[in-house]
Amino acid sequence: MTLETIVNDYKAKTSRSRQMYEEALRVMPGGNSRTTTFFDPYPFYITRGQGARIWDADGAERLDFNGNYTSLILGHAHPSVVEAITEQATRGMSFPGPSEHEVKLAGVLTTRIPSMEVVRFTNSGTEATMNAVRAARAFTGRSKIAKFEGAYHGTHDWVLVSVSPDVDKAGSRKRPKSLAYSSGVPDTVLKHTIVLPWNDAEACVKILEKHGSDIAGLIVDPLLANAGMLLPQPGFLERLREVTERLGIVLIFDEVISFRVAPGGAQARFGVRPDLTTLGKIIGGGLAVGAFGGRAEVMNYYDPRGGKGRISHGGTFNANAVTMAGGLATMQELTPEAYAKLEALGERLRAGVKRALSKAKQPAQVTGLGSLFWIHWTKKRLSDYRSSRPADAERPLRTFMGLLNEGVVLSQRGLGCCSLAMTEADVDQFLAAFERVIGKES
Ligand SMILES: Cc1ncc(COP(=O)(O)O)c(C=O)c1O
């Protein structure tokens, strides 16, 4: 089936969304406040979410395997989260001072993540990575930052480098060039950002040793989630830990997505202890949130009681009472049994996708860990950003739109996740829809 046919089917099902989009175009550039959720011809407008499902403005029901880009680990409107948020909201939304829930949530996170000796809250993962980068610079007195090609760490300038570069312009695989991901990123950012190739420890060590004394921090998403959930090869994260320690570089694990994979996040799963960790998404119960923390001697630059290197960290809504209440209620639901269920759902889904792809002889594969997965439209051995480029660039979009028409929501590029609101029957519903979508391709 062509993309045009799929889009026409989508348009026929979403007339109210189209009207809303036309209205939005008059008041917002592209009718939109969030680049990642936009797609042609227009996104569907969501009016309600409950459990594993969402409903759009035309009343259509869809199974949600996007989960607001992996944030909603309990599904939509989980009763205990709704109760905690409502209870707090009736007593006030946000205050010009700290609240009890903030201390409790900080306690839960620092207990679950031993490397996070202390933590501070922000309103987004972007602010969390921005502050972690700043902390690394303050602590080391150095100015450069290293990141991986294909890694996404939010929307502040310092990480908008080589997120999704054109491979033809990105230099050699072993020494990738720093390329701006967006207009408006100044050259000085590119000069201060070193880009590394994922899963190539030798190449990384060489680059880090070359720039070592100038590099303040290395920021690492341990799953390289936004380049396709490309798991680190055995020993890779350990090598990064060893070289950063030797060169005095602050190792930052960006666990905004990967915290989902275990009570202690990916660092617990892989057994590597970073200096700093950034969090977001699941820790806010569905509300805007972020957090950063780690070694006390680094984080102490944020201690407002003074000191030479003090970093100012304001934020009108940092650790607001409602978000903290929602986050705390969410964490309380995340018991060992809950993680076992998420793991089983993720396994079932990945195994089912694998079976469907091989039955339909499709040039594709699935990656992931725990409740997370990514469907790749290439047969190449996946190791880094470059190997994960789809062979047919339009195929992820055809799959995404095809699934929407079948009543299932994924993300445009192939990222998906299971939530605790799901059952095995929901996963099977996904698999049946997926089989129908790929069946229409052949
Ligand atoms: C790994 C990673 N880091 C940081 C961010 C930024 O988080 P936020 O969208 O809350 O600013 C994201 C968002 O998707 C992410 O996936």
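Author: In this predicted model, the centres of domain 1 and domain 2, taken over C-alpha atoms, are separated by 26 Å.

Reader: What makes up domain 1 and domain 2?

Author: Domain 1 consists of 3-73 + 335-439, and domain 2 consists of 79-333.

Reader: How many residues does each domain bring to the contact?

Author: Domain 1 brings 32 residues and domain 2 brings 37 residues. Contact requires heavy atoms within 4.5 Å, so these residues count as part of it.

Reader: How do you know what area the two domains bury between them?

Author: Buried area is the accessible area lost on putting two parts together, summed over both, so the value of about 2800 Å² covers domain 1 and domain 2 together. Carbon and sulfur atoms account for 56% of that area. On the side of domain 1, Tyr339, Tyr385 and Arg386 supply 30% of the area buried against domain 2, more than any other three residues.

Reader: Why is the pair of aspartate 384 and arginine 173 called a salt bridge?

Author: The closest N and O atoms of aspartate 384 and arginine 173 are 2.4 Å apart. The limit is 4 Å, therefore the pair counts as a salt bridge. Across the interface of domain 1 and domain 2, the rule finds three salt bridges.

Reader: Which element gives the largest share of the side of domain 1 that touches domain 2?

Author: That is E14, with four residues.

Methods: Residues numbered from 1 in each chain as written. Predicted model: local features only at pLDDT ≥ 70, side-chain atom pairs only at ≥ 80, totals over all residues. Heavy atoms only, no water. Domains from an automatic or database assignment. Buried area = accessible area lost by both parts, 1.4 Å probe. Salt bridge = Lys/Arg side-chain N within 4 Å of Asp/Glu carboxyl O. Helix = DSSP H or I, 4+ residues; strand = E, 2+ residues; numbered from the N terminus.
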